[in-house]
Amino acid sequence: MRMESVVRIEKKKAEVYRALIPLVPRDFKDDLKLLASHAERNAKLLEGVEVPADTKGLREVEVALEFLEKALADPEATVEDYYRYAIDAEEATARLYSELSMRAKSEKTRRLFRWLAEISREHAEILRRHLEMWEFMQENVEEEEIPEDLIEQWFEDIDL
């Protein structure tokens, strides 16, 4: 089996991150642009890489992305919903890449998948921090009332 499905998954993640950009505070936009460019780069890296046909994690990632796409199309869905589904998709992708790294035949491919798994875990963590800060902003104070030093510290914590 070729990697077209994983390439498609990475391209879909990039689309989703770009779709989220207009919905979030400006402080989140740069991170989402970066996540989208990482996904596009990952898609290019994966072109032509072979993957076993019986890889379990592929379907899990596709399902997570389907839920995310449905949420984006649902006028009732919230930004929190988008973030939760995006986190699920990144975590599923990390598990998939970990599975593929264990099954890789060459050391180069093994290292590629280990690196991609780590990147997906980092993306999930960035999205988790965004969600945490978004919920804080929604529940406790208006955006204008959040102390500037708190915002700066928060974003220093989530820098890639």
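**Exercise 1.** Is Arg121 buried, partly exposed or exposed, and what is its relative accessible area?

*Solution.* Keep in mind that this model is predicted. Start by placing the residue: Arg121 sits in helix H5. Its relative accessible area is 38%. Buried would need a value under 20% and exposed one over 50%, so Arg121 counts as partly exposed. Next, look around it. Beyond its neighbours within four places in sequence, Arg121 is in contact with Ala94 and Ser98. Its C-alpha atom is separated by 8.9 Å from that of Arg95, 26 residues apart along the chain.

**Exercise 2.** Work out how helices H2 and H5 are arranged relative to each other.

*Solution.* Find H2 at residues 26-46 and H5 at residues 107-139. Their axes come within 11 Å and cross at roughly 160°. Angles over 145 degrees count as roughly antiparallel, so H2 is roughly antiparallel to H5. The crossing is left-handed. Residues making the contact include Phe28 and Leu35 of H2, and Trp115 and Ile119 of H5. Sorted by class, the contact has 14 nonpolar, 4 polar and 2 charged residues.

**Exercise 3.** Trace the salt bridges that Lys12 forms with Glu15 and with Glu69.

*Solution.* Take Glu15 to begin with: its closest N and O atoms with Lys12 are 3.0 Å apart. Both residues belong to helix H1, and being 3 residues apart, they are separated by about one helical turn. Now turn to Glu69, where the closest N and O atoms are 2.7 Å apart. This pair links distant parts of the chain, with Lys12 in helix H1 and Glu69 in helix H3, 57 residues apart.

Key:
Residues are numbered from 1 along each chain as its sequence is written. This is a predicted model: local features need pLDDT of at least 70, side-chain atom pairs count only at pLDDT 80 or more; totals for chains, interfaces and linings use all residues. Side-chain values use heavy atoms; hydrogens and water are left out. Axes are lines fitted to C-alpha atoms, for helices over the stretch in contact, and angles run from 0 to 180 degrees between N-to-C directions. Helices (H or I, at least four residues) and strands (E, at least two) are DSSP runs, numbered from the N terminus. Angles under 35 degrees count as roughly parallel, over 145 as roughly antiparallel, 65 to 115 as roughly perpendicular and the rest as oblique. A crossing is left-handed if the near helix is turned anticlockwise from the far one by less than a right angle, and right-handed if clockwise. Contact means heavy atoms within 4.5 Å. Ala, Val, Leu, Ile, Met, Phe, Trp, Tyr, Cys and Pro count as nonpolar, Asp, Glu, Lys and Arg as charged, and the others, Gly among them, as polar. Buried means under 20% relative accessible area, exposed over 50%, partly exposed in between (1.4 Å probe, protein chains only). A salt bridge is a side-chain nitrogen of Lys or Arg within 4 Å of a carboxyl oxygen of Asp or Glu.
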